[in-house]
Each structure stands twice: as structure tokens, then as C-alpha cells.
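This report walks through a single protein chain, from individual residues to the whole fold. Please look over the sequence and the model shown here before reading on.

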Amino acid sequence: MTPLTPLSPSASATEMVQVVLPNDANPLGFILGGTVMHLIDIAGAIACFRHARQRVVTVAVDGLQFLHSIKVGDLIILSAHVTATFRTSMEVEVRVMSEQTLTGKRTLTSHAYLTFVAIDADGRRVAVPALVLESDEERQRAEQARVRRDARLTARAHLAELEAELDA
């Protein structure tokens, strides 16, 4: 097996833009939270696919925040990039902005961290390339990702204990 070539976060950089249409919205004329979550998942998956060049599946969403609403007619802009890699998993940061079409004014509306795992055609986990951290900001983001990962793994172990108690 050939070694995986490490990549920088910029190699995974992804931007998606679309207009918010009435079928994306609630009766008040604002985009549905579920639609935003769907788009966040897609943007994150594309960034992770660009990094790993493997099939990827979502395993966790951390810290999803809805800060401001987005109106019908505005643009929704999603920016994503890989912040950290582990053996078979990657964390990706996704930022969501709205842009008023007539003024160009942009507002941060949502933010989330997602974890994806790379898999082969049979659904088995596969290794992902390392992340080349070139700046202090990238190193700080990767360290923060490790802290989030540790907390997520602790919470997952606790859930497994609860599940075992229920099965007993």
C-alpha cells in the first residue's frame, strides 16, 4: 500500500452558494433549520471527500449554532475545510453566511463542526491523509478539534454504557 500524501486545509476548501427559495422556507419566510443542516452536511462531506478522496460518512455534529435567520431571496453561502485528521476520521468546520442579494451585506448565520469517517466499498474504515498544519491558527484549530474529539469519545463511551444497562 502506498503512503498517503499529507494535505493542507486549503486542499479541502469548499464553498457552496445557492438562493433561498420559498420551498426551502417556513411560513414566516425564513429557511428551515433542517435545510441548513442538510446543506452543512453536504458541504462538510465535500470538504472531507476532497481531503481523503474516499467515500465518507457523517458520524457526529458538534456545536451547531443558529445565530441569525436567512430570508427567502437571500443567498446562503457555506464554507468548509478540514481542521484535523485522525487515523480514519476527519473534523471539518462549516461556516454559513447569508448574503442580501440587493446590498451584498453578509452575516454569519450558522457554524458547526462535523466528523466524518472514510470508508471503503464494503463500509470498512480506511486511513485518511494527515493534515499539514502550516500556521499557528491551523495548529490551534487542530488542537481544539482534538479536545472536541476527546469529549465526543467520552460521551460515546457513556452512551455505550447506558445502552449496555438497557440491554441487560
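## Glutamate 15

Glutamate 15 sits in strand 1. In this predicted model, glutamate 15 counts as exposed because its relative accessibility is 52%, and the cut-off for exposed is over 50%.

Setting aside neighbours within four places in sequence, glutamate 15 has contacts with Ile77, Leu78 and Ser79. Glutamate 15 and alanine 47 are separated by 32 residues in sequence, and their C-alpha atoms lie 9.0 Å apart.

## Overall fold

The protein has 2 helices and 5 strands. Their order along the sequence is β-α-β-β-β-β-α. The C-alpha trace spans about 50 × 45 × 35 Å along its principal axes.

The protein has 168 residues, of which 38% count as buried. Taking contacts between residues at least 6 apart in sequence, 72% join residues at least 24 apart.

## The nonpolar core

The largest nonpolar core holds 27 residues; Ile40, Ile76, Leu78, Met90, Val92, Val94 and Val96 are the ones that touch the most other members. Helix 1 (33-52), strand 3, strand 4 and strand 5 are the elements giving two or more residues to this core. The most comes from helix 1, with 7 residues.

Isoleucine 76 is one of the core residues named above. Neighbours within four places in sequence aside, its contacts are Met16, Val17, Gln18, Val20, Ile31, Val36, Leu39, Ile70, Val96 and Met97.

## Helix 2

Helix 2 covers residues 136-167, which makes 32 residues.

Which residues of helix 2 are buried? They are Glu138, Ala142, Ala145 and Arg152. The cover over the buried residues of helix 2 includes strand 2 (55-66), strand 3 (75-85), strand 4 (89-99) and strand 5 (106-119).

## The largest pocket

At least two lining residues come from each of strand 5 and helix 2, and helix 2 gives the most, with 4 residues.

With a relative accessible area of 30%, valine 59 is partly exposed. Residues up to four places away in sequence not counted, valine 59 touches Thr115, Phe116, Val117 and Arg156. Of these, valine 117 is 58 residues away along the chain, with a C-alpha separation of 6.8 Å from valine 59.

## Serine 8

Serine 8 lies in the segment before strand 1 (14-19). Is serine 8 buried or exposed? Serine 8 counts as buried because its relative accessibility is 14%, and the cut-off for buried is under 20%.

The side chains of serine 8 and serine 10 are joined by a polar contact of 2.7 Å. Beyond neighbours within four places in sequence, serine 8 is in contact with Leu131, Val132 and Glu134.

Note on methods
Residues are numbered from 1 along each chain as its sequence is written. This is a predicted model: local features need pLDDT of at least 70, side-chain atom pairs count only at pLDDT 80 or more; totals for chains, interfaces and linings use all residues. Side-chain values use heavy atoms; hydrogens and water are left out. The expected span of a helix is 1.5 Å times one less than its number of residues. Buried means under 20% relative accessible area, exposed over 50%, partly exposed in between (1.4 Å probe, protein chains only). Contact means heavy atoms within 4.5 Å. A nonpolar core is a set of buried Ala, Val, Leu, Ile, Met, Phe, Trp, Tyr and Cys residues joined through side-chain atoms within 4.5 Å. A polar contact is a pair of N or O atoms within 3.5 Å; within protein, one must be able to donate a hydrogen and the other to accept it, and residues adjacent in sequence count only if both atoms are side-chain atoms.
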